[in-house]
Amino acid sequence: MEARKVEAANGWLWIKQGYWLFKKSPVLWVVLATIGLVGMLAISHIPVVGDPLVTLLFPALLGGFMLGCRALEQGEELELAHLFAGFQHNMQQLVTLGGINLVGQLLILGMMMLTGGATLVGIMMSGEPVTDPEILKQAVAGAGAALLLGITLSLLLLMAMQLAPMLIIFDKLSPVPALKASLRAFWRNLMPLTVYSLLLLLLAILASLPIMLGWLILLPVIIASMYAAYRDLFPMEGNIPAVTEGEVTAPDDQVQS
């Protein structure tokens, strides 16, 4: 699987197309995203195993949302069952993907510790809030190289993970080839990815005002925009509508009919 190279402006189109998918079933989108978020937060609070379990299960949860996006794209209904659909399609592969992500995160932390960031990593892994700003300041000041290395490797891991669940579910790739294809896709499209990330950052700030209510809309849009990015970078017959100048055009099959 090789991704195509797209224009920088496509990063904005992914968000607009995500919003188009959201508008097709806004209430259920909010319900599904809220249940998924609350469920992941509840699991994360399980002592010792909570956070690793969330990392393992997240690709399967995301896979269900992607199947919901595919249903909406094909003119079908978004359903509550889509929340668990990822656990019924390629679950073993998706959980394996989560395991690779978990191992990758641990390796990144280990490399940060070896490069002078042991104190900072200790604070990060403790899960306890730092009450003394001076302690955090000293930890960051003494871990410049480790922090830079950690951020770089984490971004690469994020790019590899971003499209991998869709490549597993829809293109039947195994986890490692899916990770490679996702990483290559975003590496070839750094400009649209940068535009996409910066715009989401701006929208995240706006959604957090005044009491985080905007996230009820933004979270589903982000999820759907990930599907839009996948469909744009790995095109196939019957792509989701192109969005230009605020307008949504009908899919090809609707135009032909």
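A salt bridge joins the side chains of glutamate 2 and arginine 184, with a distance of 3.2 Å from N to O. Glutamate 2 belongs to the segment before helix H1 (10-23), whereas arginine 184 belongs to helix H8, so the pair ties together parts that are 182 residues apart in sequence. The structure is a predicted model. In total, four salt bridges are present.

Helix H8 spans residues 175-187. Its packing against helix H4, which covers residues 91-126, was examined next. The axes of the two helices come within 9 Å. They cross at roughly 65 degrees. The crossing of H4 and H8 is right-handed. On the H4 side, the contact is made by Gln93, Thr96, Leu97 and Ile100. On the H8 side, the partners are Pro175, Val176 and Leu179. Sorted by class, the contact of H4 with H8 contains five nonpolar and two polar residues.

Conventions. Residues are numbered from 1 along each chain as its sequence is written. This is a predicted model: local features need pLDDT of at least 70, side-chain atom pairs count only at pLDDT 80 or more; totals for chains, interfaces and linings use all residues. Side-chain values use heavy atoms; hydrogens and water are left out. Axes are lines fitted to C-alpha atoms, for helices over the stretch in contact, and angles run from 0 to 180 degrees between N-to-C directions. Helices (H or I, at least four residues) and strands (E, at least two) are DSSP runs, numbered from the N terminus. A crossing is left-handed if the near helix is turned anticlockwise from the far one by less than a right angle, and right-handed if clockwise. Contact means heavy atoms within 4.5 Å. Ala, Val, Leu, Ile, Met, Phe, Trp, Tyr, Cys and Pro count as nonpolar, Asp, Glu, Lys and Arg as charged, and the others, Gly among them, as polar.
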